[in-house]
Amino acid sequence: MKTDARYQQSDARIQNEFLKLVKTVGFDHITVSQIVKAAEINRSTFYAHYIDKEDLMEKMQLATIEEVLSDLPKLSYENLQNASVIRQRIIGLCEGLYQRRDIFQLFIGPKSDGKFGFRLTNRAQKEFQNNQLDQRITIPAEYVNAMTGSTVINLMVTWMQRNFKETPEEFSEIVGQIAPGIFKNLLNM
């Protein structure tokens, strides 16, 4: 069903109208009725896609994060020792954020649900765990996740909040000076 053209069209309308409403009235003031009306769909169509507006926001945020991560070189212990792979990953991440800057700024802005930073941090932690990097450290993984998540994520959020003042290349250089040293210290490389 999710590959059906009508389903995809409805989903696109729901998401587009939802984003417009977030920009204009803010997440807290949106109702499912407003989304349904704006997207010109039935209420049952909305519920075929999402549980509620919170589910819609979460899925949109996670999908956007996944879009950025999908083209990056794989994260692994070996790759963290390769300066070229680290650089490619940082540049790809910065370019992906920049290409989607409007939606990322909306997600971190005051009209959003306030959970984007948390979701971004959780996804970064999952990436770390999925690649078994947490098994190569001597301190509890929760502390590593908190530190790496807060450092890298806060750098990205700060760049977004500064309205992407630096170019992706300039920001890549900033992250490239900070992130590799953190991982080398944590992983005893």
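**Entry 1: D55**

In which helix is D55 found? I looked it up in the model, which is a predicted one. D55 is found in helix α4. I noted the range of that helix as residues 53–70.

Next I asked: is D55 buried or exposed? D55 has a relative accessible area of 10%. Buried means under 20%, so D55 counts as buried.

Then I listed its partners. I left aside the neighbours within four places in sequence, and D55 is in contact with H49 and Y50. I also checked the backbone of I51. Its nitrogen lies 2.9 Å from a polar atom of the D55 side chain.

I reminded myself of the rule: an α-helix has 3.6 residues a turn, so residues three or four places apart point the same way. K59 is partly exposed, at 40% relative accessibility. D55, at 10%, is buried.

**Entry 2: other salt bridges**

How many salt bridges does the structure hold? I found eight. I wrote up two more of them.

One of them joins E66 and R123. The closest N and O atoms are 2.3 Å apart. E66 lies in helix α4 and R123 in helix α7, so this pair ties together parts that are 57 residues apart in sequence. I then looked up accessibility. E66 is partly exposed, with a relative accessible area of 35%. R123 counts as buried, at 14%.

Another one joins R162 and E166. Here the closest N and O atoms are 2.7 Å apart. R162 is partly exposed at 39% relative accessible area. E166 is buried at 16%.

**Entry 3: aromatic pairs**

I searched the whole structure for aromatic pairs and got nine. Among them is F104 with F116, a tilted pair. The ring centres are 5.5 Å apart, and the planes make 55 degrees. What does this pair link? It links distant parts of the chain. F104 is in helix α6 (residues 101–108) and F116 is in helix α7 (residues 116–130), 12 residues apart. F104 is buried, with a relative accessible area of 1%. F116 is buried as well, at 1% relative accessibility.

I then turned to W159 and F171. Their rings are stacked, with centres 4.2 Å apart and 5 degrees between the planes. Planes under 30 degrees apart count as stacked. This pair also links distant parts of the chain. W159 sits in helix α8 (residues 141–161), and F171 sits in helix α9 (residues 168–186). They are 12 residues apart. Both W159 and F171 are buried.

Which residues do ring pairs link into a cluster? I noted Y98, W159, F164 and F171.

**Entry 4: charges over rings**

Y98 came up again. The charged end of R101 sits over the ring of Y98, 4.0 Å from the ring centre. I noted another case at F27. There the charged end of K53 sits over the ring, 4.5 Å from its centre.

**Entry 5: helix α1**

I finished with helix α1, residues 5–25. How many residues does helix α1 have? It has 21. I checked its reach from the first C-alpha to the last. It is 30 Å, close to the 30 Å expected at 1.5 Å a residue.

I looked at both ends. At the N-terminal end, D4 caps α1. A side-chain oxygen of D4 lies 3.0 Å from the backbone nitrogen of R6. Just after α1 comes G26, which takes a positive phi of about 90 degrees.

Which residues of α1 are buried? My list reads Y7, S10, D11, I14, E17, F18, L19, L21 and V22. What do these buried residues pack against? They pack against α2 (32–39), α3 (43–49), α4 (53–70) and α6. Helix α4 is where this notebook began, with D55. Helix α6 holds F104.

Definitions and conventions:
Residues are numbered from 1 along each chain as its sequence is written. This is a predicted model: local features need pLDDT of at least 70, side-chain atom pairs count only at pLDDT 80 or more; totals for chains, interfaces and linings use all residues. Side-chain values use heavy atoms; hydrogens and water are left out. Rings of Phe, Tyr and Trp (its six-membered ring) pair if their centres lie within 6.5 Å; planes under 30 degrees apart count as stacked, over 60 as edge-to-face and the rest as tilted. Helices (H or I, at least four residues) and strands (E, at least two) are DSSP runs, numbered from the N terminus. Buried means under 20% relative accessible area, exposed over 50%, partly exposed in between (1.4 Å probe, protein chains only). A charge sits over a ring if NZ of Lys or CZ of Arg is within 6 Å of the ring centre and within 35 degrees of the ring normal. The expected span of a helix is 1.5 Å times one less than its number of residues. Contact means heavy atoms within 4.5 Å. A polar contact is a pair of N or O atoms within 3.5 Å; within protein, one must be able to donate a hydrogen and the other to accept it, and residues adjacent in sequence count only if both atoms are side-chain atoms. A salt bridge is a side-chain nitrogen of Lys or Arg within 4 Å of a carboxyl oxygen of Asp or Glu.
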